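Please open the model in a viewer and keep the sequence panel at hand.

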Amino acid sequence: MSNGSISKVWFHPTRGASNWLWLSAFVVLMDQVTKALVVGSVKGKASFALLPILEIVYLENRGAAFSILHDAGGWQRWFFIMLALVVSVVLMLWLRKLRTPEQTVLAVGLSLVLGGALGNVIDRVWHGYVVDFIYFHWGTWDFPAFNIADTAISIGAVCLLIDAFFESGREKDKAVNAAAQAEKK
């Protein structure tokens, strides 16, 4: 397959991928740049406070969200890499089928999740763990450290929920309109 035919398949004005893969690439870039800055400036040193409730730290997360399975013996690295790659392929195929602007919120959500998944898989492949560095706390309460990729995944998931809510409304409107049209006949 030539480069011309690849661009016709993936980057076409009516395909969602042409409009949204840039957002995924931006998330990956920002995630990797911020992690490199943290590794270069914080690793092996004390954390530093940006605000009374926000610190920049250096943590190595060998598990999943909230360090689930972090001490599972090493198999989880390859499991999470394979899972993220499979999910990424599915998300790219889903993005390709979208028609914008009707599905803009869905496209943004999928693109953010895709970029976040790829950002974290890069860490797992290169380091064997994910670098987390954003740490919120308030008094005795704290939230597990996270990174830009995790933030993109979370915001993307919210976008997917919003789209699902609006999609159910659109389906209800279609059913009402179909019933009204049937009544007219």
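This is a predicted model: local features need pLDDT of at least 70, side-chain atom pairs count only at pLDDT 80 or more; totals for chains, interfaces and linings use all residues.

How many residues lie between β1 and β2 in the hairpin that they form? Select residues 48-51 for β1 and residues 54-61 for β2. Two residues separate these strands in the hairpin. The strands run antiparallel and are joined by three bridges. To find one of the pairings, display Leu51, whose bridge partner in β2 is Leu54.

**The sheet**

Now turn to the pairing of β2 with β3, which is antiparallel and extends over six bridges.

**The nonpolar patch**

Show the surface and select Phe48, Leu50, Leu51, Ile53, Phe136, Trp138, Trp141 and Phe143. Together these residues form a nonpolar surface patch with about 820 Å² of accessible area. Which strands each supply at least two of the patch residues? They are β1 and β3 (130-138), and β1 gives the most, with three residues. Then centre the view on Ile53, which is found in the loop between β1 and β2. Ile53 has a relative accessible area of 31% and is therefore partly exposed.

**Aromatic side chains**

In total, the count of aromatic pairs comes to five. One of them is Trp20 with Trp22, whose ring centres lie 6.4 Å apart with the planes at 25°; the pair is stacked because planes under 30 degrees apart count as such. Are these two residues buried or exposed? Trp20 is buried, with a relative accessible area of 14%, whereas Trp22 is exposed, at 51% relative accessibility.

Phe165 is exposed, with a relative accessible area of 59%, while Phe166, at 45% relative accessibility, is partly exposed.

**The salt bridges**

Finally, hide the surface and select Asp31, Lys35 and Asp123, which are linked in a network of salt bridges. Side chains of opposite charge can pair when their charged atoms come close. How many salt bridges does a search of the whole structure find? It finds two.

For the salt bridge between Lys35 and Asp31, the distance from N to O is 2.8 Å. Both residues belong to helix α2 (residues 16-41), where they are four residues apart, about one turn of the helix. Lys35 and Asp31 are both buried.

Lys35 also meets Asp123 in a salt bridge, with an N to O distance of 2.9 Å. This pair links distant parts of the chain, since Lys35 is in helix α2 and Asp123 is in helix α4 (residues 104-127), 88 residues apart. Like Lys35, Asp123 is buried.

Key:
Residues are numbered from 1 along each chain as its sequence is written. Side-chain values use heavy atoms; hydrogens and water are left out. Two strands pair if DSSP finds at least two bridges between them. Patches are made of residues with over 30% relative accessible area and no salt bridge: like charges are joined within 9 Å, nonpolar side chains (Val, Leu, Ile, Met, Phe, Trp, Tyr) within 5 Å. Accessible areas come from the Shrake-Rupley method with a 1.4 Å probe; for residues, only the protein chains shown count as cover. A salt bridge is a side-chain nitrogen of Lys or Arg within 4 Å of a carboxyl oxygen of Asp or Glu. Buried means under 20% relative accessible area, exposed over 50%, partly exposed in between (1.4 Å probe, protein chains only). Rings of Phe, Tyr and Trp (its six-membered ring) pair if their centres lie within 6.5 Å; planes under 30 degrees apart count as stacked, over 60 as edge-to-face and the rest as tilted.
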